[in-house]
Amino acid sequence: MQNESKQLFISLEMVKSFLSIIFATIVFNFFISGILNTNNQIKTLKNTDFISAELQNNLSLEQKKDLEVKLLNIPEIKKVTYIDSFIAFQNLQNDLGIVLPQAENPLPDSLRIYVKNLNNFEKIQEILDSTQEIKEYFLDTTYSDNINRKIKFFDMLSIILTISTAFVGFIIITIASMQFKIDYVGTLINVGYNKNTINATKTINLLPFTLAVLSGEVIAFNVYYLIRNWLISSEICSSVLTINQISWVQFFLNLLVIIIIWLLPVKERWENE
């Protein structure tokens with residue numbers, strides 16, 4: 001009767017561990033997707049710093065193309081976008097909600113010059129000052145400060161999520177290790193020390209724990225898919241990464257956790273006592 005109670009206790013502990021690992025794996029995968037999406041946001045924000053440059057009047061198409069090539073050859077500049085005055089005028093009317101005669105268009109043709117790092121602004125400034133095709137240029141410092149604040153926020157969030165991911169991964173491995181030890185002790189009590197039997201306690205547990213990690217990963221993928229669709233359809237956020245973009249990283253990290261679990265030692269110091 002006593003042995004049956006111990007076996008029942010061990011079985012219940014195994015079920016609890018199995019469910020705990022599934023839940024922890026779901027959280028683990030959501031933290032990973034959070035890191036990937038946060039880093040994607042940082043990358044996107046870093047690509048939005050730009051300088052607006054107004055062009056001289058009556059520049060030919062060939063001169064505009066040559067200017068664009070010249071700017072793209074500067075290492076500190078990563079992209080140049082040409083903005084036609086007519087399109088800019090149409091956008092202005094749409095923003096203001098009014099209609100103006102085309103003859104009253106005060107806007108010149110311009111370039112939006114995306115820079116790699118605003119720390120090199122002085123160097124770019126020197127080049128723009130010496131470029132005759134450019135009449136005037138300016139940097140929206142309010143916009144740039146706002147972007148930098150967002151980048152700092154996402155940097156901090158990425159650090160927090162990384163630490164949280166490592167912590168939850170440690171919890172998953174600890175739960176598996178504890179279950180191995182519980183079964184190990186139960187085997188010692190029931191049959192005494194037997195090398196083959198002791199090793200079998202771990203082998204028997206490896207399959208359910210592997211399935212628990214994989215199940216948690218699959219559940220996380222499905223929940224992520226539903227949340228992503230809701231965010232996009234609700235127009236709350238349109239830049240959420242797809243499952244294909246995050247799956248390979250999550251699969252690798254989940255596989256790493258499984259490998260660590262498989263390599264966990266079973267034997268304890270008191271096996272020969």
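A residue is called buried if its relative accessible area is under 20%, exposed if this area is over 50%, and partly exposed in between. The model described here is a predicted one, and its chain has an average pLDDT of 77, with 73% of the residues scoring at least 70.

**Confidence along the chain**

- Among the elements of the chain, the highest mean pLDDT, 90, belongs to helix H7 (residues 243–263), while the lowest, 62, belongs to helix H3 (residues 85–96).
- In the stretch of residues 268–273 the pLDDT falls below 50, and this stretch makes 7 contacts in the model beyond its near neighbours in sequence.

**Aromatic residues**

- The structure holds 1 aromatic pair, formed by Phe153 and Phe154 in an edge-to-face arrangement, with 5.3 Å from centre to centre and 65° between the planes.
- Phe154 counts as buried because its relative accessibility is 17%, and this value lies under the 20% cut-off.
- Phe153, by contrast, counts as exposed because its relative accessible area is 51%, a value over the 50% cut-off.
- Elsewhere, the ring of Tyr114 has the charged end of Lys79 sitting over it, at 4.5 Å from the ring centre.

**Nonpolar cores**

- In soluble globular proteins, nonpolar side chains tend to be buried together.
- In this model the largest nonpolar core has 28 residues, and the residues with the most contacts inside it are Ile21, Ile172 and Ile261.
- At least two residues of this core come from each of helix H1 (2–46), helix H5 (141–191), helix H6 (195–233) and H7.
- When its neighbours within four places in sequence are left aside, Ile172 is in contact with Ile21, Ala24, Thr25, Phe28, Val213, Val257 and Ile261.
- Another core, of 17 residues, lies apart from the largest one, and Leu59, Ile77, Val115 and Tyr137 are among its members.

Key:
Residues numbered from 1 in each chain as written. Predicted model: local features only at pLDDT ≥ 70, side-chain atom pairs only at ≥ 80, totals over all residues. Heavy atoms only, no water. pLDDT = per-residue confidence, 0-100. Helix = DSSP H or I, 4+ residues; strand = E, 2+ residues; numbered from the N terminus. Contact = heavy atoms within 4.5 Å. Phe/Tyr/Trp six-rings, centres within 6.5 Å; stacked < 30°, edge-to-face > 60°. Buried < 20%, exposed > 50% of the residue type's maximum accessible area, 1.4 Å probe, protein only. Lys NZ or Arg CZ within 6 Å of the ring centre and 35° of its normal. Core = buried A, V, L, I, M, F, W, Y, C linked by side-chain atoms within 4.5 Å.
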